[in-house]
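Welcome, and thanks for taking a look. Please open the structure below and keep it in view while reading.

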Protein chains: 2
Amino acid sequence: MASDGLKDMLGRVRLTPVKKAKSILLGALANISIQTERCSLPAALDRIVSSNLFSPEDLPAHPRSTMDGFAVRAADTFGASSSMPCYLEIDGEVAMGQMPEGEVRQGKCFHIATGGLLPAGSDAVMMFEHTIPVDGKMIEVVKSVGVGINLISRGEDIEKNSPVLSKGHLLRPQDLGLLAGLGIAEVEVYKRPKVGILSTGDEIVPWSQSPPPGKIRDINGITLAALCERLGAEVTDYGIVSDSEETFFATLKRATNENNVVLFSGGSSVGMRDLGERVIEKLGNPGILVHGVALKPGKPIIIGLSHETAIFGLPGHPVSAMVCFEFFVGPALRLLAGSQPDQLFTPSIRAIVARNINSAAGRLDLVRVQLQEQENNLPLAIPVLGKSGSISTLSRAHGYFLIDEPSQGLNKDTQVEVYLLL
Amino acid sequence: MASDGLKDMLGRVRLTPVKKAKSILLGALANISIQTERCSLPAALDRIVSSNLFSPEDLPAHPRSTMDGFAVRAADTFGASSSMPCYLEIDGEVAMGQMPEGEVRQGKCFHIATGGLLPAGSDAVMMFEHTIPVDGKMIEVVKSVGVGINLISRGEDIEKNSPVLSKGHLLRPQDLGLLAGLGIAEVEVYKRPKVGILSTGDEIVPWSQSPPPGKIRDINGITLAALCERLGAEVTDYGIVSDSEETFFATLKRATNENNVVLFSGGSSVGMRDLGERVIEKLGNPGILVHGVALKPGKPIIIGLSHETAIFGLPGHPVSAMVCFEFFVGPALRLLAGSQPDQLFTPSIRAIVARNINSAAGRLDLVRVQLQEQENNLPLAIPVLGKSGSISTLSRAHGYFLIDEPSQGLNKDTQVEVYLLL
């Protein structure tokens, strides 16, 4: 039976194409409701807005000058030119940060700096550069100005009740600035998804320990935790669990009850794969969604759902586990964080493949590469090779490119899009 | 005199080209020594390694199988084929996570799973797929295998004392995994740079307050703090400082003593620009490095250095302040964090300009854009326009493209590289 399971995997009978696997996963998660919380503005960096936000006020609340110069009645300047200047009397000054006192009457003007409030009576700002001082009380105006020029009128920037940010928007530094400018001091955001992580395998010891012969240090626990943290998740470490079904099931069940997403990794052996599948089915409906995808590396992934908790059984090899994170866990976490499952525009750069690469038709191949700058050309994408399970290749790649399912490989000098592993 | 200062700025006499300004800044910071600290591995995510790291051990410490199958003596299989199989006796099994007991003798083999330690006597692994079980004790081998095939030998992944990560490397999740795998539990990293932020201007009130007429909420403080935090800096908020030279100088001096970088923003008025310049000069050598750059937006930036603290006087308009951050403060912070001042490969995507854009020759223009997906074509880059000082444009842009100094503009349908504001 174990051998049958293996044959199925290698014979590709049960392998699901990557796109289909992803759409099954995201479809199953689409209707899960996500809790929200209120968050003060400075703490809201990189959180996701959970409701549409509207402006509580007009911005600016009063018309303001956008230039250094003089607040004028535009009509007073009509027809003014170098050869036919007009003259205006300086009748006041707008103090920065103060409501202007008095009113600009016909034939008069007020000194005003950028940001100053337009005084009553004025409807335009004449730039310094188009005036010549006559004496301390009078200016010569050598250019006409139209109504509304060099000022920003009430509500012109943002009108009261107009939309500011939409549900699902990630709060970047500039978004906090925008909300601060509108006096929105607290914002409703989605709660961070909770992720539980466990590593399996009797050959694994915690990375902080010195492994006895035959055992190796756990690499996936810390890598997966850091990947989750970068996506804003709260991570709980459930440690290393033995391959015994009883212990494994008990820990996985606890983790499933306590989190929105559970990741377990390890168990490259056939027995362990079967165990992972069995245990997820035992956790309840809907159970296994996908078992095995047409992706290299990353083929043996198991994706399941127990009530509203997504469960991912990731390959033991760190590189494969990371690739599965990129393709499946990351998008699921983004969705459960209230965001877009895929970044709208994935950071990537064009590069040129440094040598011929083979690929099996029918599966998506992910080729990790180092990038090397070239003079007068796109960077060179040099494949990072290493035996299955090699950890030295883990950190050497700057990014990766993909070879599509139908393709049997790419030739040297082909242009590819390299997705950056930043 | 104030008018002279203004003329200089507008007449572009004193404007420094962006590249030159950046190289003056980074050159001045290049010799500043950065303090280091030891950091436990899980806390080291996104920190910068401050010394070259070497492997403390061979990895793997023992040869391991990379396939499920049988540990064999390769010579026993030479010449084996489907028509001329050879026969091997199963003489033992490698238990996962254990040192194998016994030795593989001539004509014999051991069961082994992926990751299992190679038993003494064996020098290759025969895949299950190339064997046919005869009975519980014997297999038929239908393919030969060479010495060293399907295994990873001692130190093949990483040799003891070989370089692992270089000084200046940013610790990504996969790098933590690599170090964990090698048992490197603590790592020496650069201390986070300390940044002090103050906003100036008598018209500014804290964003948490309701501004009286004539005043506006501080936007730059929270935006700049978040930008700094994203680059791993420790931020201290020195609040809003009045335009009086005495108060401003005292606060700036304190901030300069307590931080590696000080940012002040505001003061779009000529008087305030002069004040900023005067106060930086008063703080001591080397003083002002750059005042005014050929960049739009962002022209009126002041860059100074007092002993080993970089001081940036940023424009008051939030959009301009953010652009100056992108071009000058960010690279300086990266350098002072021990990293590359520029990201090796800046996340960007190609897009098509949606309409004609003018630019003045002699300055670098930064055009913020929204990106819009197009079917069967590159995304459309739609310029985000808004009056100087408009805050609604702050968060609308997905990224920006640049129009070089010599260019007077770009035509609709030109391909550009859009740098993403993620």
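## Strand pairing in chain B

Two strands count as paired if DSSP finds at least two bridges between them. In this predicted model, strand E4 (residues 69–72) of chain B and E7(B) meet that cut-off with four bridges, and they pair in the antiparallel sense. Within this pair, B:Gly69 has B:Met127 of E7(B) as its bridge partner.

The pair belongs to an open sheet of six strands in chain B, ordered E7-E4-E6-E5-E9-E8, and the pairing in it is mixed. Strand E7 (124–127) and strand E8 (131–135) of chain B are at the edges with a single partner strand each, so one side of each has no neighbour in the sheet. From one strand to the next, the twist averages 40°.

## A sheet and a helix in chain A

Let us turn to chain A. An open sheet here has six strands in the order E16-E13-E17-E21-E20-E18, again with mixed pairing. Its edge strands, strand E16 (234–241) and strand E18 (286–291) of chain A, each pair on one side only. The twist in this sheet averages 15° from one strand to the next.

Which strand of chain A pairs with strand E13 in the parallel sense over five bridges? The partner of strand E13 (residues 194–200) of chain A is strand E17 (residues 261–265) of chain A. Here A:Leu198 stands opposite A:Phe264 in E17(A). Helix H2 (residues 18–29) of chain A lies across E18, strand E20 (302–306) and strand E21 (309–314) of chain A, and runs at about 160° to E18(A).

## The nonpolar core

How many residues does the largest nonpolar core have? It has 185 residues, and those with the most contacts inside it are A:Leu263, A:Ala332, B:Leu263 and B:Ala332.

Leaving out residues up to four places away in sequence, A:Ala332 touches A:Leu25, A:Leu26, A:Leu29, A:Val261 and A:Ala310.

## A glycine in a loop

A:Gly102 is found in chain A, in the loop between strand E5 (86–93) and strand E6 (108–112). Is A:Gly102 buried or partly exposed? A:Gly102 is partly exposed, because 14 other C-beta atoms lie within 10 Å, and a residue counts as buried at 20 or more and exposed at 12 or fewer.

Beyond its neighbours within four places in sequence, A:Gly102 is in contact with A:Gly92 and A:Pro119. A:Gly102 and A:Pro119 are 17 residues apart in sequence, with a C-alpha to C-alpha distance of 7.2 Å.

## How the two chains are related

## Confidence

For the complex, the predictor gives an ipTM of 0.88 and a pTM of 0.89. Chain A has a mean pLDDT of 90, and 94% of its residues reach 70 or more.

Among the elements of chain A, strand E1 (residues 36–40) of chain A has the highest mean pLDDT (98) and helix H1 (residues 2–10) of chain A the lowest (40). Over residues 1–13 of chain A, pLDDT stays under 50, and the model has 14 contacts for them beyond four places in sequence. Where pLDDT is low, predicted coordinates should not be read in detail.

Technical notes: Residues numbered from 1 in each chain as written. Chains lettered and ligands numbered in written order. Predicted model: local features only at pLDDT ≥ 70, side-chain atom pairs only at ≥ 80, totals over all residues. Core = buried A, V, L, I, M, F, W, Y, C linked by C-beta atoms within 7 Å. Contact = placed C-beta atoms within 7 Å. Helix = DSSP H or I, 4+ residues; strand = E, 2+ residues; numbered from the N terminus. Axes fitted to C-alpha atoms, helices over the stretch in contact; angles between N-to-C directions. pLDDT = per-residue confidence, 0-100.
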